[in-house]
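Hello,

Here is the structure I promised to pass on. Please open it first, then read my notes below.

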Amino acid sequence: MSSEQQNIFEHLDPEEIHEWIQSLEGVIQRSGREGAKVILEAVEQRAKELRVLYSPLPYSPYRNTISQHDQGVYPGDLQIEERITAILRWNALAMVMKANKNYGGVGGHIASYASCAEIFETGFNHFFKGGKDADLVFYQPHSSTGIYARAFLEGRLTENHLNNYRHETKEDGLSSYCHPYLMKDFWSFPTGSMGIGPLSAIYQARFLKYLENRNLKKTNKRVWGVFGDGEMDEPESLAGLSLASRENLDNLTFIINCNLQRLDGPVRGNGQIIQELESLFKGAGWNVIKVLWGSEWDKIFLMDKNHSLLKRFAETVDGAYQTLGARDGAYNLNNFFGRNEEALKLVSSMTDDEIDKLKRGGHDFKKLYSAFQLATETKGRPTVILAKTKKGFGMGKAGESKMTAHQAKELDFEALREFRNRFKLDIPDNKLENLEFYKPADESDEIKYLKQRRERLGGFIPERKFLKTSISVPKLEEHSKFLIEKSDREYSTTTSVIRSLGSILKHKTLGPKVVPIVADEARTFGMANLFSQIGIYSPKGQLYEPEDSTSILKYLESKDGQLLEEGINEAGAIASWSAAATSYSNHSFPMMPFYIFYSMFGFQRVGDLIWAAADQMPRGFLIGATAGRTTLSGEGLQHQDGQSHLFASTISNLRSYDPCFANELAIIFDEGMRRMMQDQIDEFYYLTVYNEKYSHPEINLSNKEDVMKGGYLFKDNTNDNININLMGSGPIFRECIKASEILKNEYGIGSKLFSITSYTELEKNCRETKRHNLYNPSKIKKNHLEEILGNNDPIIATSDYVRAYAQMISSYCTNKFVPMGTDGFGRSDTRDNLRDFFEIDYKHIVIESLFSLFEERKISLDKLEDALKTYQFQSNLDHPWKR
Ligand SMILES: Cc1ncc(C[n+]2csc(CCOP(=O)(O)OP(=O)(O)O)c2C)c(N)n1
């Protein structure tokens with residue numbers, strides 16, 4: 001209450017306030033709480049209309065959303081579940097301690113899982129479905145040990161596995177966090193990089209609805225995401241919240257493990273993260289369920305007629321809650337209850353020990369169960385459960401609620417004994433000291449119960465298991481027919497790939513599998529015709545008449561629309577792409593996403609999301625359009641991409657290409673589709689396409705293999721005297737063609753012209769050959785570069801990307817190698833001016849060629865100096881990358 005409000009409040013007639021409260025209580029007696037709610041909502045609405053209430057508090061009191069009265073009966077066996085959880089806690093802890101003891105320094109965390117063991121066990125025993133229609137669960141990464149510990153009890157992992165936690169180069173090694181690439185049968189979603197899990201979970205839930213609304217596949221799957229409260233600071237964690245409610249994703253539940261701590265300390269020392277998150281999620285339209293206090297608090301709440309507890313909760317900030325959590329009952333009595341006389345009276349009959357045992361809601365199965373249950377029953381919107389927990393719960397002095405909890409990797413023997421006693425574990429001292437894993441016999445109640453529960457829910461999770469389904473791909477001549485019909489028409493590679501996509505979309509079996517995705521750039525890339533052809537996905541259909549309704553290219557939104565228009569949201573678009581690209585593994589239902597974006601706003605902008613997608617072994621196309629530092633002529637520094645290929649080259653299951661001509665592009669597109677969809681190879685594709693228009697040669701399938709390997713001999717312009725090799729990728733290859741003619745006509749120098757479709761793929765081939773030769777010196781092979789070269793003349797290699805791109809292949813041949821590139825900040829100008837500025841145009845290719853031949857003593861200094869005069873280079877200026 002502000003001081004102004006306080007002042008008004010003090011001057012109101014207390015009797016009047018009392019009467020209002022009494023009449024509310026009367027309504028509750030007569031019409032129940034639901035009736036009272038309806039009346040209050042009507043009053044609130046009127047108050048808003050009269051501008052009396054215009055910004056009611058965006059959060060509710062600091063207590064459980066579900067009252068004890070509404071909680072329902074717990075359907076599980078609490079005692080057994082508690083015993084199982086205790087065993088899991090122990091094995092998870094022992095795993096980390098052992099790993100650090102045995103092979104030191106590999107890290108691992110104890111405190112995170114300690115805080116969310118009950119959250120996971122509620123899910124595993126009662127909600128997370130397994131089997132054919134398994135739910136998609138995102139696991140808080142630092143809790144992976146608890147998930148391994150469970151799989152150990154289930155008999156899916158052995159003691160050997162647990163002994164090799166974080167020993168990932170070993171065959172039985174368990175990965176630090178949830179990494180599908182490293183444990184292909186186990187994990188499905190990587191969550192190690194904070195923020196990516198929440199965003200991905202939302203788009204996975206949305207993709208399930210997309211499949212259903214397009215009548216492709218109906219499932220009963222739900223998406224669950226367990227995330228840390230600290231993780232919610234990441235912009236990506238929050239980026240998809242409004243989409244989730246806008247699209248009514250009632251198949252989605254987040255459980256935020258609010259242990260009020262992150263790595264360095266409290267999440268919001270001076271605030272209340274739970275209230276903050278409640279406002280955020282509520283504002284975004286989510287159903288919010290708070291699980292703050294355990295069952296031991298129920299009786300105290302019942303006695304608290306004047307809400308003294310709520311008052312104390314409201315005035316206690318997270319930093320204080322953490323301290324209270326770390327201290328004993330006596331401290332809590334004095335420093336929490338003791339600060340309010342009424343509150344103190346409520347616990348007057350309790351001992352310090354009883355006060356110490358007052359649990360937070362996130363450690364109470366009954367409270368958690370009712371929240372999970374309500375989440376599954378909520379229709380029309382997603383639910384977030386804000387579960388208040390304690391970081392390092394059970395770690396005692398070694399970590400419970402301590403500032404240093406996150407980094408704690410061991411407990412001393414005394415602390416281990418305390419831990420054992422607290423959780424009533426049947427582990428003798430010697431086994432405790434040796435950190436022996438504990439597994440009850442198969443016929444024990446615990447193991448039987450745990451297995452029964454999983455059986456009832458369909459099977460074990462996490463498990464990455466899917467049916468392999470091959471989708472046939474039409475012949476190249478069918479989907480890119482326009483390339484076979486000879487035409488001198490000039491068009492860009494962007495137009496070319498969109499035309500191929502258009503044909504694929506019409507294909508009977510593959511067409512419906514395509515998921516075109518844009519981030520508000522469809523018109524930029526000439527895809528506006530797709531709006532009406534395949535429709536824009538919108539679960540609400542189209543509730544308005546579009547402005548262009550009379551046009552055949554009208555903006556058409558529909559429930560079964562195919563195109564995903566993600567808005568100006570590259571992070572969301574890539575998460576959406578990942579969901580479609582992993583449909584083959586998550587739903588045994590392959591789809592082929594095709595996300596086209598400004599290449600500058602791809603890897604650079606959302607590189608970590610692409611990295612996480614790669615971890616999931618996606619299948620699909622990423623199309624970096626308006627590519628190149630100089631080919632995108634007008635947009636300037638933040639738009640002109642000269643580096644994405646370098647980022648792309650670091651991802652091993654990504655095949656990236658930078659073709660110049662439409663025929664090369666069609667070959668790559670065709671081969672990519674065939675390999676991913678038909679042959680089901682775990683790789684994905686990044687293709688850069690440009691907006692420069694020029695004519696393209698006819699398709700020549702004899703080059704197909706070389707195109708895929710990264711380059712081929714485009715034209716042999718050599719003579720019997722002096723020669724050079726000119727290599728180029730993307731539209732800059734055309735500068736090489738021009739340079740080749742000038743070298744021939746004006747300087748009598750011959751050249752071999754190599755169209756490089758991918759320096760990255762070429763480098764991979766060379767790298768592999770090099771390794772083969774290293775281990776097989778008697779069976780030396782030539783790499784693809786040497787095979788196509790067949791000479792030892794100098795190589796001038798260029799592209800519309802930074803020099804390092806072409807340079808990747810420089811060490812794999814003995815030829816003198818001169819890389820050229822567009823290093824430096826981009827800027828707006830015409831293409832010609834930019835290529836001149838970045839010193840990659842035909843003139844600079846000519847001069848670099850002459851210079852390297854001069855260095856090889858094949859041409860004279862006079863000839864070189866004449867050429868320098870001809871072109872009048874601005875050698876007095878700084879290098880372009882410094883300007
Ligand atoms: C993008 C990113 N930044 C930083 C980290 C390092 N990191 C790992 S855990 C952690 C704190 C997590 O806190 P919270 O989400 O509250 O989880 P808790 O362990 O407290 O349950 C941080 C900063 C990371 N993994 N990813």
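**Around the ligand**

By class, the shell around the ligand holds 2 nonpolar, 11 polar and 5 charged residues. Keep in mind that this is a predicted model. In total, 18 residues surround the ligand. The closest are S112, Q140, G230, Q261 and K391.

The side chain of S112 has an N or O atom 2.5 Å from an oxygen atom of the ligand. For G230 the backbone is used: one of its N or O atoms lies 2.8 Å from a ligand oxygen atom. How much of the ligand's accessible area does the protein cover? On its own, the ligand has 590 Å² of accessible area, and the protein covers 76% of that. M194 also takes part through its backbone, where a polar atom is 3.1 Å from a nitrogen atom of the ligand.

**The chain as a whole**

The protein chain has 883 residues, and 57% of them count as buried. Its secondary structure comes to 36 helices and 18 strands. Along the principal axes, the C-alpha atoms fill a box of roughly 105 × 70 × 55 Å.

**Salt bridges**

Side chains of opposite charge can pair when their charged atoms come close. The count here comes to 46 salt bridges.

Start with R89 and E118. Their side chains meet in a salt bridge, at 2.9 Å from N to O. R89 lies in helix 3 (residues 78–103) and E118 in helix 4 (residues 111–127), so the pair ties together parts that are 29 residues apart in sequence. Are these two residues buried or exposed? Both R89 and E118 are buried.

Next, take D429 and R417. They form a salt bridge, and their closest N and O atoms are 3.2 Å apart. This pair links distant parts of the chain, 12 residues apart. D429 sits in helix 19 (residues 429–433), and R417 sits in helix 18 (residues 413–422). D429 has 30% relative accessibility, so D429 counts as partly exposed. R417 is partly exposed too, because its relative accessible area is 29%.

Where do the two partners lie? R619 is in the loop between helix 26 (603–615) and strand 11 (621–625), while D682 is in the loop between helix 28 (662–678) and strand 13 (684–688), so the pair ties together parts that are 63 residues apart in sequence. R619 counts as buried because its relative accessibility is 6%, and buried means under 20%. D682 is partly exposed, with a relative accessible area of 33%.

There is also a network to trace. Salt bridges that share partners join R655, R675, E683, E761 and K764 into one network.

Last, go to the start of the numbering. Which residues make the nonpolar surface patch of about 280 Å²? I8, F9 and L12 make that patch. F9 lies in helix 1 (residues 3–11). F9 counts as partly exposed because its relative accessibility is 40%.

Best wishes

Definitions and conventions
Residues are numbered from 1 along each chain as its sequence is written. This is a predicted model: local features need pLDDT of at least 70, side-chain atom pairs count only at pLDDT 80 or more; totals for chains, interfaces and linings use all residues. Side-chain values use heavy atoms; hydrogens and water are left out. Patches are made of residues with over 30% relative accessible area and no salt bridge: like charges are joined within 9 Å, nonpolar side chains (Val, Leu, Ile, Met, Phe, Trp, Tyr) within 5 Å. Accessible areas come from the Shrake-Rupley method with a 1.4 Å probe; for residues, only the protein chains shown count as cover. A salt bridge is a side-chain nitrogen of Lys or Arg within 4 Å of a carboxyl oxygen of Asp or Glu. Helices (H or I, at least four residues) and strands (E, at least two) are DSSP runs, numbered from the N terminus. Buried means under 20% relative accessible area, exposed over 50%, partly exposed in between (1.4 Å probe, protein chains only). A residue is near a molecule or strand if one of its heavy atoms lies within 4 Å of it. A polar contact is a pair of N or O atoms within 3.5 Å; within protein, one must be able to donate a hydrogen and the other to accept it, and residues adjacent in sequence count only if both atoms are side-chain atoms. Ala, Val, Leu, Ile, Met, Phe, Trp, Tyr, Cys and Pro count as nonpolar, Asp, Glu, Lys and Arg as charged, and the others, Gly among them, as polar.
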